[in-house]
Amino acid sequence: MMPIVVDYSLYLVSGRSLLPPGKEFLASLEEAIQGGVTAVQIREKDAETYDFLQIAASSKSLCDKYGVPLIINDRIDVALAVKAHGVHLGQTDMPVAIARQLLPPGTVIGVSCNTVEHVKRAVEEGADYVGIGPVWATTTKKLTNPVIGVRGVGAMLEVLDGTGIKAVAIGGIKTVNLLRTLYGSVSRTGHTLDGIAVVSEIMASPLPTQVAETMRKTFDAFQESYRAQLSRPTQGLWANSTQSVVRGVCELMEHVRKTAPLVHQITNTVVATQSANITLALGASPIMATEAQEMEDLTSIAGAHLINIGTLRAEYKSGMIKAGYFANANRKPIVFDPVGVGASQFRKETVKELLDTFQVSVIKGNAGELSVLAESNEVSSKGVDSVGGFQDPVSFVRELAKKERCIVVLTGKTDYVSDGERVVALDNGHEILGKITGSGCIVGTAIATYCAASSTREGNDSSATSKLVGGDMLLGAVAGILVLTIASQLAAEREGVKGPGTFLSGLIDVLWDLTADDIARLAMVQLYTD
């Protein structure tokens, strides 16, 4: 038997117990194939051998009718009996090498993987594809391995570079989280998934054709846009010089004042009032809301969303999760500020859950906070403050942006902003800015404001980190920092500013009157390209 070429794009795994009342398995399977399913796995953990054979044989006939490969879970004997195109093996099933000896040449063999070591072993043993998961929590089977989360997939995909082995994500993948799954499951080297394995979303649906069509279109559209982005050279505001960066910031300032975007903020309660005032001074409109029941409505009308864990409480988490979920659904920018993430295990676990649940556009933090996210010991933290700094901040922010698939902002004496390719270093600011409570939090507010404006502005850059929401999130982040830090310099020079108390009111006044000429005259920008 010649090796077959399997399209793993939409890989359906059977689950007959999930069928809705009145729906027959073969009818559901055929409708799903008609909707765009490209490969089928028959998984029957509880069926007797005779029943398994009957189901597999009838499924094989149906799949052959449409030219769709059939793969059998675990049972080599059943695969041989029905002449299946492949088998899928778990970590405790028969080794790949022995399965190869028993199966006809060209039979496809897949392996379930939950860790990087599992993937490395699958590569060594010569698997044709790996099933990575569970990516999300699932009720379709008892989990014997921990949920790896979307952000855990990238490291496994990196192992497959240059091998030709395909990768499919599995576990709790549904229509509502599919885009997050695809967008987040990309390695630092740009390796993407070859497909998604779906169980309950299709099997439990009374309309499997429509569900399959939706999921297949989403997968194909993502793949097409990602390939197009990789083939396109860097263009727009970043192609020329630091002068073009400054010009872009000035244009974005005017766009904020012209459009007055609504900026939704779940933020540190200590600084909510001054964050709202900063938003107004920039020319935007703030709404400070934390109730989960409001999030679907608010995310549909807001231009961007800020999620700040400064005064994190357990009851706030559901609002943050829903805000992120609906913001992704509406393709709105999310700016995430992991304030003091290293201070407690509760914060670390919450941040992991949030970042595994929704895709952020920008992560902003100081060296200590970002060191925790990067799982680095180079910088430590004390509460919400950093102790020390990075030896090579340019490389650090670039690598973290690649890992998290978003813009990363490292705040400090010099601020660094990266999209994983380009890094912008900003040297403006005044030391008194760091002496007011929540100065880092209002940086997040400013970034969210300009990201809101950038997402609605024409002629934007189309980098990989921007395509989920549209707009140039790198420019939005740079604008938020540059406007606020230049304003801090001017505010510190104002007559009547005697210390942090008078400085804050002066800062708000300067932001209100700040001009593009001020930005062009004072901006200290350096651009590094990969």
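User: Which residue follows H13, and what is the value of its phi?
Analyst: The model is a predicted one. Helix H13 is followed by Arg 331. The phi of Arg 331 is positive, near 55°.

User: What span should H13 have, and how far apart are its end C-alpha atoms?
Analyst: Helix H13 comprises the 13 residues 317–329. At 1.5 Å a residue, H13 should therefore span 18 Å, and this agrees with the separation of its end C-alpha atoms, 18 Å.

User: Which residues of H13 are buried, and what covers them?
Analyst: The buried residues are Gly 319, Met 320, Ala 323, Gly 324, Phe 326, Ala 327 and Asn 328. Their cover includes the strands S9 (262–266), S11 (304–308) and S12 (334–337). Helices also contribute to that cover, including H7 (178–184), H12 (295–301) and H14 (345–357).

User: How wide an arc do the buried residues of H5 cover around the axis?
Analyst: In helix H5 (residues 116–125), the buried residues are His 118, Val 119 and Ala 122. They lie on the same side of H5, because the arc they cover around the axis is only 100°.

User: What covers that buried set in H5, and which residue follows the helix?
Analyst: The cover of the buried residues of H5 includes strand S5 (108–113), strand S6 (129–132) and helix H6 (153–159). After H5 comes a residue with a positive phi, near 85°, namely Gly 126.

User: Which residues of H11 are buried, and which residue follows H11?
Analyst: Within helix H11 (residues 272–282), the buried residues are Gln 274, Ser 275, Ala 276, Ile 278, Thr 279, Ala 281 and Leu 282. Among the elements covering them are S9, strand S10 (285–288) and helix H18 (473–492). The residue that follows H11 has a positive phi, near 110°, and is Gly 283.

User: Is Leu 400 buried or exposed, and which residues does it touch?
Analyst: Leu 400 belongs to helix H16 (residues 393–404). Its relative accessible area is 3%, below the 20% limit, so Leu 400 is buried. Leu 400 and Ala 374 are 26 residues apart in sequence, yet their C-alpha atoms are 6.4 Å apart in space. Leaving aside residues up to four places away in sequence, Leu 400 touches Leu 370, Leu 373, Ala 374 and Val 408.

User: How many residues lining the largest cavity are charged?
Analyst: The largest cavity holds about 30 Å³ of space. Its lining consists of Arg 151, Arg 180, Leu 355, Phe 358, Gln 359, Val 360, Ile 363 and Glu 404. Of these, four are nonpolar and one is polar, while the number charged is three.

Methods
Residues are numbered from 1 along each chain as its sequence is written. This is a predicted model: local features need pLDDT of at least 70, side-chain atom pairs count only at pLDDT 80 or more; totals for chains, interfaces and linings use all residues. Side-chain values use heavy atoms; hydrogens and water are left out. Helices (H or I, at least four residues) and strands (E, at least two) are DSSP runs, numbered from the N terminus. The expected span of a helix is 1.5 Å times one less than its number of residues. Buried means under 20% relative accessible area, exposed over 50%, partly exposed in between (1.4 Å probe, protein chains only). Contact means heavy atoms within 4.5 Å. The arc is that of the directions from the helix axis to the C-beta atoms. On a 1 Å grid over the protein atoms alone, a cavity is a set of points where a 1.4 Å probe fits but cannot get out, and a pocket is an open set with protein on both sides within 12 Å along at least five of seven lines; lining residues have an atom within 4 Å of a point. Grid points are joined across faces, edges and corners, and a volume is the space filled by probe spheres set on the points. Ala, Val, Leu, Ile, Met, Phe, Trp, Tyr, Cys and Pro count as nonpolar, Asp, Glu, Lys and Arg as charged, and the others, Gly among them, as polar.
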